[in-house]
Amino acid sequence: MAHKLGAYHNLPHGVANALLINEVIKFNCSEAPTKMGTFSQYDHPHTKRRYAEVAEALGIFGDNDDDKVQKLIWKIDELKYKIGIHKTIREYGIDEQDFLNRLDEMVEQAFDDQCTGANPRYPLMSEMKEIYLRAYYGGEG
């Protein structure tokens with residue numbers, strides 16, 4: 001998704017990743033995804049547990065995996081703030097109408113991107129669109 005966000009709106013790849021990471025983590029944390037990605041032979045990807053392990057490795061602890069993942073997202077937000085990454089795509093001066101006019105094509109291109117299949121949870125195009133919208137507007141979009 002970051003490849004296409006950067007290509008369509010002239011954003012550096014690292015910035016595009018930073019703008020999407022929170023929403024992608026939330027999306028991937030489903031314990032029973034509709035469709036698995038690359039390793040569909042597994043019961044499910046256990047991504048929530050894996051994100052919680054990342055949090056633990058960073059010294060972030062909580063009452064349960066949900067709490068740890070939420071705290072990890074907050075730490076990511078703190079880091080983005082410290083290094084000057086804006087909270088939303090809109091804050092990079094991307095015109096709303098231009099973003100919306102190009103959104104469906106960007107989603108289709110992102111869906112077909114070679115990296116999408118490697119995501120632990122395989123997204124529907126409608127889910128990708130929602131992620132882009134939340135990243136554009138902030139929060140629930």
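Which residue lies over the face of phenylalanine 27? It is arginine 121, at 3.8 Å from the ring centre. Keep in mind that this is a predicted model.

Let me start with helix 1, which covers residues 2–9. Is helix 1 enclosed or open? Six of its eight residues are buried, so helix 1 is largely enclosed by the rest of the structure. The buried ones are Ala2, Lys4, Leu5, Gly6, Tyr8 and His9. Note that a lysine and a histidine are on that list. What do these buried residues pack against? They pack against helix 2, helix 5 and helix 6. Just after helix 1 comes asparagine 10, which takes a positive phi of about 55 degrees.

Now two of those partners, one at a time. Two packed helices are described by the angle between their axes and the distance between the axes. Helix 2 runs over residues 13–28, and its axis comes within 8 Å of the axis of helix 1. The two axes cross at roughly 120 degrees. The crossing is right-handed. On the helix 1 side, the residues that meet helix 2 are Ala2, His3, Leu5 and Gly6. On the helix 2 side they are His13, Ala16, Asn17, Leu19 and Leu20.

The other partner is helix 5. Here the axes come within 10 Å and cross at roughly 140 degrees. Helix 1 and helix 5 are therefore oblique to each other, and helix 1 passes helix 5 in a right-handed crossing. Helix 1 makes this contact with Lys4, Leu5, Tyr8 and His9. Helix 5 answers with Asp98, Phe99, Arg102, Glu105, Met106, Gln109 and Ala110.

Staying in helix 5, look at leucine 103. Is leucine 103 buried or exposed? Its relative accessibility is 2%, so leucine 103 counts as buried. Leaving aside neighbours within four places in sequence, leucine 103 is in contact with Lys129, Tyr132 and Leu133. Take leucine 133 from that list: leucine 103 and leucine 133 are 30 residues apart in sequence, while their C-alpha atoms are 8.7 Å apart in space.

Last, the rings. A pair of aromatic rings is described by the distance of the centres and the angle of the planes. How many aromatic pairs are there? The count comes to three. One of them is phenylalanine 111 with tyrosine 122, edge-to-face, with 5.6 Å centre to centre and 75 degrees between the planes. This pair links distant parts of the chain, 11 residues apart: phenylalanine 111 is in helix 5, and tyrosine 122 is in the loop between helix 5 and helix 6. Phenylalanine 111 is partly exposed, at 23% relative accessibility, and tyrosine 122 is partly exposed too, at 21%.

Another pair is tyrosine 136 with tyrosine 137. Their ring centres are 4.9 Å apart and their planes are at 85 degrees, so this pair is edge-to-face. Tyrosine 136 has 0% relative accessibility and counts as buried, whereas tyrosine 137 is partly exposed, with 25%. Ring pairs also bring in Phe99, linking Phe99, Tyr136 and Tyr137 into a cluster.

Technical notes:
Residues numbered from 1 in each chain as written. Predicted model: local features only at pLDDT ≥ 70, side-chain atom pairs only at ≥ 80, totals over all residues. Heavy atoms only, no water. Phe/Tyr/Trp six-rings, centres within 6.5 Å; stacked < 30°, edge-to-face > 60°. Helix = DSSP H or I, 4+ residues; strand = E, 2+ residues; numbered from the N terminus. Buried < 20%, exposed > 50% of the residue type's maximum accessible area, 1.4 Å probe, protein only. Lys NZ or Arg CZ within 6 Å of the ring centre and 35° of its normal. Axes fitted to C-alpha atoms, helices over the stretch in contact; angles between N-to-C directions. Left-handed = near helix turned anticlockwise from the far one by under 90°. Contact = heavy atoms within 4.5 Å. Parallel < 35°, antiparallel > 145°, perpendicular 65-115°, else oblique.
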